[in-house]
Amino acid sequence: MASNRADLRTRVYNLLVNSKGYWSFSHDGWSGNPPVTTRDSIESIHGNLHNFIGRQGGHMSSPDFAAFDPIFWFHHCNVDRLFAIWQALNPKEYMQAAESDTLRPFWIKPGKHWTSADARDTRAMGYTYPELAKWSELKPQDKSVRLRIDVNLMYGSQAAPFAAIIPDLFKRTPEVNANTTVDPTKLSIIKEHKTSATPAKEVAAKAMSAQAQRVVSPPPSRWLVILTQRLFAAHWIF
Ligand SMILES: N[C@@H](Cc1ccc(O)cc1)C(=O)O
């Protein structure tokens, strides 16, 4: 895994910066026979990582078992994040016939499943990622320009630590002991609970129930940045 790190970062960088169309970005259908070596895809990077973690034949390389390993969820969250960044860089690109795709078994409300069109923007599901939240007030075109600079910083040859791009990132997610009292406004993951000091475990319980509600209820008026430090650690895998 470690020996592939630099290569993976370069591949992610090239993919984000050079891949302009949803069709080629998204899938690795052309890597079969004859193999096409001149293009990469998020699916291909995703699949390789499955095989790098624990090596080929490890449980992350087996669809039947992969999701039992917690790193599966970090990995997939990062794939989702990279897709969201790519979308912001290419705001007009998305899958075709999206309206008709029904994403069973996920209900958006009783009697109606989510569709690909509903799921186009993560904010419809009540979350986003720090790199995007940072430029959320900008128009799509301006956001894309600013984000490109950040992608260069994160994945280009002069890659800088995430903390240099979002300086207070790690300050805002303090380690908390479940029995200590914390100021909820200091926890970036729980922006709604800006009330008085609340025990940490209560804050966590509220956050979990809020997340659960989000699965079935309409999008909240204020969206959340739900990533934690550990997720950022997982991002460095790429
Ligand atoms: N089968 C994929 C890797 C993979 C493994 C497990 C999964 O759950 C998904 C994908 C490949 O070889 O590229």
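## The ligand shell

By class, two nonpolar, five polar and no charged residues make up the shell around the ligand. Here Ala, Val, Leu, Ile, Met, Phe, Trp, Tyr, Cys and Pro count as nonpolar, Asp, Glu, Lys and Arg as charged, and the others, Gly among them, as polar. The residues surrounding the ligand are Gly47, His50, Asn51, Ser61, Ser62, Pro63 and Ala66, where near means that the C-beta atom, placed from the backbone, lies within 6 Å of the molecule.

A word on the model itself: it is predicted, so local features need pLDDT of at least 70 and side-chain atom pairs count only at pLDDT 80 or more, while totals for chains, interfaces and linings use all residues. Numbering starts from 1 along each chain as its sequence is written.

## Two helices side by side

Helix α3 (residues 42-52) packs with helix α4 (residues 70-89) at an angle of about 165°, and their axes are 11 Å apart. Helices are DSSP runs of H or I with at least four residues, and strands are runs of E with at least two, numbered from the N terminus. Axes are lines fitted to C-alpha atoms over the stretch in contact, with angles from 0 to 180 degrees between N-to-C directions. The two helices are therefore roughly antiparallel, the word for angles over 145 degrees.

Ile42, His46 and Leu49 in α3 meet His75, Val79, Leu82 and Phe83 in α4; contact means C-beta atoms, placed from the backbone, within 7 Å. This set divides into five nonpolar, two polar and no charged residues.

## The hairpin

Strands β1 (residues 102-109) and β2 (residues 112-115) run antiparallel, joined by three bridges; pairing needs at least two DSSP bridges. Lysine 109 has lysine 112 in β2 as its bridge partner. Two residues lie between the strands of this hairpin, and glycine 111 in the turn has a positive phi of about 90°.

Proline 105 is found in β1, and a cis peptide bond joins arginine 104 to proline 105, with omega about 5°.

Technical notes: Parallel < 35°, antiparallel > 145°, perpendicular 65-115°, else oblique. Contact = placed C-beta atoms within 7 Å.
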